[in-house]
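Me: I'm new to this one. Can you put it up and walk me through it?
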Amino acid sequence: SAERLEKKKTIDLRKKHIGPSCKIFFSHDPIKIVRAKGQYMYDEKGQRYLDCINNVAHVGHCHPDVVKAGAQQMEVLNTNTRFLHDNLVLFAQKLQATLPDKLCVCYFVNSGSEANDLALRLAWQYTGNRDVITLENAYHGHVSSLIDISPYKFHQLSDAEQSQFVHVAPSPDVYRGKYRADHPDPAAAYADEVGNIIDHVHKKGRKVAAFIAESLQSCGGQVIPPAGYFQQVAERVRGAGGVFIADEVQVGFGRVGSHFWAFQLQGEDFVPDIVTMGKPIGNGHPMSCVVTSREVAEAFTSSGMEYFNTFGGNPVSCAIGLAVLDVIEKEDLRGNALRVGGHLSVLLEELKDKHPLLGDVRGRGLFVGVELVKDRVKLTPATAEAQEVIYRLKEQHILLSADGPHRNVLKFKPPLCFTAEDAELVVGKIDQILTELETALGLKPSETPTAETESGKRKASRDENGHVELTHDDEGRRQQTKPKKRVRT
Ligand code: PMP
């Protein structure tokens, strides 16, 4: 076993030396993972967990090709990008080949946050403007500049003060948002909202530097924007002198199946000005990238300030990045995401008839959200029930998370080697759990739920990966969920 300390000792040392705001999953009974392979993680006792949430381990945990590429390069050389190195240029070339021609200049950095922060600097420098438009519930990173544009985070602060340069547009969510599926043209309606913000900025005598959005909102609740929304937003933002930044940190690299990049779901006529990447790019190795046009890159250079990043684009990271791209291609993981993700969505969709708690199923490839509601008309979020599903799945050694502004969206984003059998297993378990919860609530199919489970007493919070953290009763133990209404026999 790879365990070096007894679990209790690990917990004690963590409490003593690790910042308390770094939350842990299932804090009453945290999981100690000692190794992982493919879509599975193993604890210190050898218990296997099916991983439905790790979008970082994109091509599978510890993929041998990726491990080998990194280890081999580490034996030979690792240094900064001030020397010529083939890995750097070959990786940039191979990455560019996945993108539209216009997006041809790369800056390699080390985290999604660094990528988004640099994207803002590029936008500010290129446009000479300052204001930024972001989406409701968005999360773009943990550095100061990004907390400012992340309502997901700044709304958690009681004394939240929104920067006067930041403007929040409604989330293009056609299930729960301002304009829904029954609206004649939600894409135009949501884009008009961005247009209104631009007018508002102009009235203040300022101009917009950028609109930033994830190509599909992840922390924001697995939101899939209506087709045409990005084109219409881009037209307005560019018309006002700004640029479009697509954050592909969670959703890129073939996860959506039909395309390599999630922004491509909007259609071939849409190309962002800047794309940021992270998480899956290194399959767990910390690296990330900003890709932009020659024009934007040249404007950034014209400031006269050198851009230097000690670790970004080092030969080891680039070797790993190249290996990840090779594996996606060689194992047709994009095709797998399309097939298995499609199967998963169909299975979940089938549960809708049976389970009144299941409000909406939405997904593209292996990026799928299941929104739980207590009332399908009022869309009352079934937050406690979603937390209960996550807990019961954990007991059955399946890792899933719940996210979104109401933390009621079950969020699938597994490694792309996820199989049809894995999908069937987890959907089968969710089916059982929902049946139990609905029985406890006294719900029948087609009936509107009203009762609350005791688990509703739990307070949930979350982190930017959509990982759920529950607060428990004073003894720090998990409360048992007892049905208030007894099962009718
Ligand atoms: N953008 C998005 C959409 C993210 O989900 C995250 C991380 N969860 C980030 C940016 C920030 O990435 P990192 O944690 O690597 O800095």
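Me: Which residue in β7 is the bridge partner of D131?
Reply: V208 is the bridge partner of D131 in β7. This is a predicted model, where local features need pLDDT of at least 70, side-chain atom pairs count only at pLDDT 80 or more, and totals for chains, interfaces and linings use all residues. Residues are numbered from 1 along each chain as its sequence is written, and side-chain values use heavy atoms, with hydrogens and water left out.

Me: How many bridges join β5 to β7, and do they run parallel or antiparallel?
Reply: Strand β5 (residues 131-135) and strand β7 (residues 208-214) are joined by 3 bridges and run parallel. Strands here are DSSP runs of E, at least two residues; helices are runs of H or I, at least four residues, and both are numbered from the N terminus.

Me: What order do the strands of that sheet take?
Reply: The order is β4-β10-β9-β8-β7-β5-β6, an open sheet of 7 strands with mixed pairing. Two strands pair if DSSP finds at least two bridges between them. At the edges are β4 (105-109) and β6 (166-169), each pairing on one side only.

Me: Which helix touches β5, β6 and β7?
Reply: Helix α7 (residues 186-203) does, packing on the sheet at about 155 degrees to the direction of β6. Contact means heavy atoms within 4.5 Å. Angles run from 0 to 180 degrees between N-to-C directions, with axes fitted to C-alpha atoms, for helices over the stretch in contact. Helix α9 (residues 294-301) also packs on this sheet, touching β4, β9 (274-277) and β10 (288-292). Its direction makes about 60 degrees with that of β4.

Me: New topic, the ligand. Which residues come nearest?
Reply: G112, S113, D247, Q250 and K279 come nearest, out of 15 residues around the ligand. A residue is near if one of its heavy atoms lies within 4 Å.

Me: Which helix gives the most to that shell?
Reply: Helix α4 (residues 112-127), with 3 residues.

Me: What about the polar contacts?
Reply: Those are pairs of N or O atoms within 3.5 Å. A polar backbone atom of G112 is 2.9 Å from an oxygen atom of the ligand. H142 has a polar side-chain atom 3.4 Å from a ligand oxygen. In K279, a side-chain N or O atom is 3.0 Å from a nitrogen atom of the ligand.

Me: How much of the ligand's accessible area does the protein cover?
Reply: The protein covers 90% of the 390 Å² that the ligand has on its own. The areas come from the Shrake-Rupley method with a 1.4 Å probe.

Me: And the other sheet, what's its order?
Reply: It is an open sheet of 4 strands, β11-β12-β15-β14, with antiparallel pairing. The edge strands, pairing on one side only, are β11 (358-364) and β14 (401-403).

Me: Which residue in β15 partners S401?
Reply: K411 is the bridge partner of S401. Strand β15 (residues 409-412) and β14 are joined by 3 bridges.

Definitions and conventions
Polar contact = N/O pair within 3.5 Å; in protein donor to acceptor, adjacent residues only side chain to side chain.
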